[in-house]
Amino acid sequence: MSARTDIESQLEDVEGKLASASSKLDQLVQDFALSIAPDVSSWIEQAAVRKLEDNHEKVSAGGLDFVRMFKADVTELRARAIAICEEAIGKQDQWPHHRDLVESDLYSNRTDFFGAIYKRAVSSLGDVLNKHGLIGARDGSWQRVRGAHYEYAYHSGFEARKYEEVEAYRSLLKEHFALKNEAARLVGEIQKAKARALWDEAP
C-alpha cells in the first residue's frame with residue numbers, strides 16, 4: 001500500500017467518524033427542544049400570571065371576560081410548547097457544528113446557543129401579552145424585535161446543567177472539531193502526495 005493510499009484510507013475513516021459525530025450532534029439539538037418544552041410551558045404560565053398581577057388595574061377594568069380570553073390564549077400557546085421549542089432551535093446550518101469554528105469558540109459563549117434557544121421559546125409569550133395590551137410603553141422586561149414581535153429582555157432563568165443534552169453537545173463538539181481538523185490535514189497530505197507523484201512522472 002502506497003503512502004498516499006494509506007492516507008486516503010485514514011481520511012475515509014476520519015470522515016466516517018465525522019459524519020457519525022455530526023449526526024449525533026444534530027440529534028442532541030433536536031432532543032434538547034423536547035427536553036425544554038415542559039419548562040418553557042411552565043415559564044409561560046408563571047410569566048403570564050405575573051403580568052396580570054403587574055397590570056391589576058387593567059385586569060380589574062376588564063374583569064373576568066378579559067382574564068378568560070387572555071388565559072385561553074396562554075393555554076393555547078402552552079399546548080404548542082413542543083412545536084414552539086422545535087421552531088426555536090432555528091435552521092440546521094446555523095447550529096455550531098455546521099459552521100466554521102475556531103478553537104476559542106469551543107470555550108466561549110458563542111457556541112453555547114442553548115440559552116438563546118430557550119429564550120426564543122419563552123419569548124413566544126410576548127405576542128400574546130401585546131395582543132391583550134399587557135406590555136406597556138415603559139415595560140423594561142419586554143422589547144420589540146422583528147417588527148411587531150416581542151422578546152423577553154431579561155435573563156430567562158435558563159440553567160444549562162438541568163439538561164443533559166447541553167453537556168453532551170459541548171463534549172462531542174470538541175471531538176467533532178478535532179475530527180474536522182484531522183480531515184483537513186489529511187486532505188492536505190493527499191494533495192502534497194499528488195504533487196510529488198506528478199513531479200516523479202514528469203520527464
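First, the conventions. Residues are numbered from 1 along each chain as its sequence is written, and side-chain values use heavy atoms, with hydrogens and water left out. As the model is predicted, local features need pLDDT of at least 70 and side-chain atom pairs count only at pLDDT 80 or more, while totals for chains, interfaces and linings use all residues.

Helices here are DSSP runs of H or I, at least four residues, numbered from the N terminus. I start with α1, residues 3-54.

Next, the partners of α1. Helix α2 covers residues 56-79, and its axis comes within 10 Å of that of α1, crossing at roughly 170°. For these angles, axes are lines fitted to C-alpha atoms over the stretch in contact, and values run from 0 to 180 degrees between N-to-C directions. So α1 is roughly antiparallel to α2; the cut-offs are under 35 degrees for roughly parallel, over 145 for roughly antiparallel, 65 to 115 for roughly perpendicular, and oblique for the rest. Contact means heavy atoms within 4.5 Å. The residues in contact include Ile-44, Ala-48 and Leu-52 of α1 and Phe-66, Phe-70 and Leu-77 of α2. By class, there are nine nonpolar, two polar and four charged residues. Nonpolar covers Ala, Val, Leu, Ile, Met, Phe, Trp, Tyr, Cys and Pro; charged covers Asp, Glu, Lys and Arg; the others, Gly among them, are polar.

What angle do the axes of α1 and α3 cross at? Roughly 125°, and they come within 8 Å, so the two helices are oblique to each other. On the α1 side, Ala-37 is one of the residues that meet α3, and on the α3 side Cys-85 is among them. This contact divides into eight nonpolar, one polar and one charged.

Finally, α3 (residues 81-88) packs with α4 (residues 114-122) at about 135°, the axes being 8 Å apart. The contact is made by Ile-84, Cys-85 and Ala-88 of α3 with Ile-117, Arg-120 and Ala-121 of α4. Five of these are nonpolar, none is polar and one is charged.

Key:
The expected span of a helix is 1.5 Å times one less than its number of residues.
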